[in-house]
Amino acid sequence: MESSRGIQQLMEAEQSATKIVQEMREAKVERMKQAKTEAAGVVETYKAEKLAEFRAKESGSSLSTENAALEKKTEAEIAAMRVTFEKNKQDVIQMILGHVTNVKLEY
């Protein structure tokens, strides 16, 4: 009788752990979607700002070298942002996976 109660408790603990892991996976997916959306918004805002600066300077002066330098600088900054995003994306995924796979059961 005692052993069947212990087995039942183990089964309940396993079901609880499975539920927690599933909830964490769903939360991770949602956080990744949110992070991607936020990153895209930041990139678009930055791009719009730099484009506005570029057009303002372009209309203010007709120096093609200055325009080319500004465009090149803007492209380099956008590329740097993309690299940073890609670099940090893996770290965030690893961190979330670490939290999901290290489930601590409380008795």
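Accessible area, as used here, comes from the Shrake-Rupley method with a 1.4 Å probe. By that method the protein, a predicted model, exposes about 8,900 Å², of which carbon and sulfur atoms supply 58%.

**The whole chain**

Begin with the entire protein in a cartoon view. The secondary structure comes to two helices and zero strands. The radius of gyration is 25 Å, well over the 13 Å that the globule rule gives for 107 residues, so the protein is more spread out than a compact globule. Turn the view along the principal axes: the C-alpha atoms fill a box of roughly 90 × 15 × 15 Å. Among contacts between residues at least 6 apart in sequence, 71% join residues at least 24 apart.

**The charged side chains**

Next, select the charged side chains. There are 17 positive and 18 negative ones, and the centres of the two sets lie 3 Å apart. Side chains of opposite charge can pair when their charged atoms come close. How many salt bridges does a search of the whole structure find? The search finds three.

**Lys50 and its partners**

Select Lys50 and Glu53 and display their side chains. The two form a salt bridge, with the closest N and O atoms 3.6 Å apart. Both belong to helix 1 (residues 2-60), where a spacing of three residues separates them by about one helical turn. Is Lys50 buried or exposed? Lys50 has a relative accessible area of 16%, and buried means under 20%, so Lys50 counts as buried. Glu53, at 38% relative accessibility, is partly exposed.

Glu77 has a relative accessible area of 24% and is partly exposed.

**A pair within helix 2**

Move along to Glu86 and Lys89. Their salt bridge brings the closest N and O atoms to 3.2 Å. Both residues lie in helix 2, three residues apart, about one turn of the helix. Lys89 is partly exposed at 29% relative accessibility, and Glu86 is partly exposed at 42%.

**A final selection**

To finish, select Lys50, Glu53 and Glu77 together. Salt bridges that share partners join these three residues into one network.

Note on methods: Residues numbered from 1 in each chain as written. Predicted model: local features only at pLDDT ≥ 70, side-chain atom pairs only at ≥ 80, totals over all residues. Heavy atoms only, no water. Helix = DSSP H or I, 4+ residues; strand = E, 2+ residues; numbered from the N terminus. Rg over C-alpha atoms; globule rule 2.2 N^0.38 Å. Contact = heavy atoms within 4.5 Å. Lys, Arg positive; Asp, Glu negative; His and termini not counted. Charge placed at Lys NZ, Arg CZ, Asp CG, Glu CD. Salt bridge = Lys/Arg side-chain N within 4 Å of Asp/Glu carboxyl O. Buried < 20%, exposed > 50% of the residue type's maximum accessible area, 1.4 Å probe, protein only.
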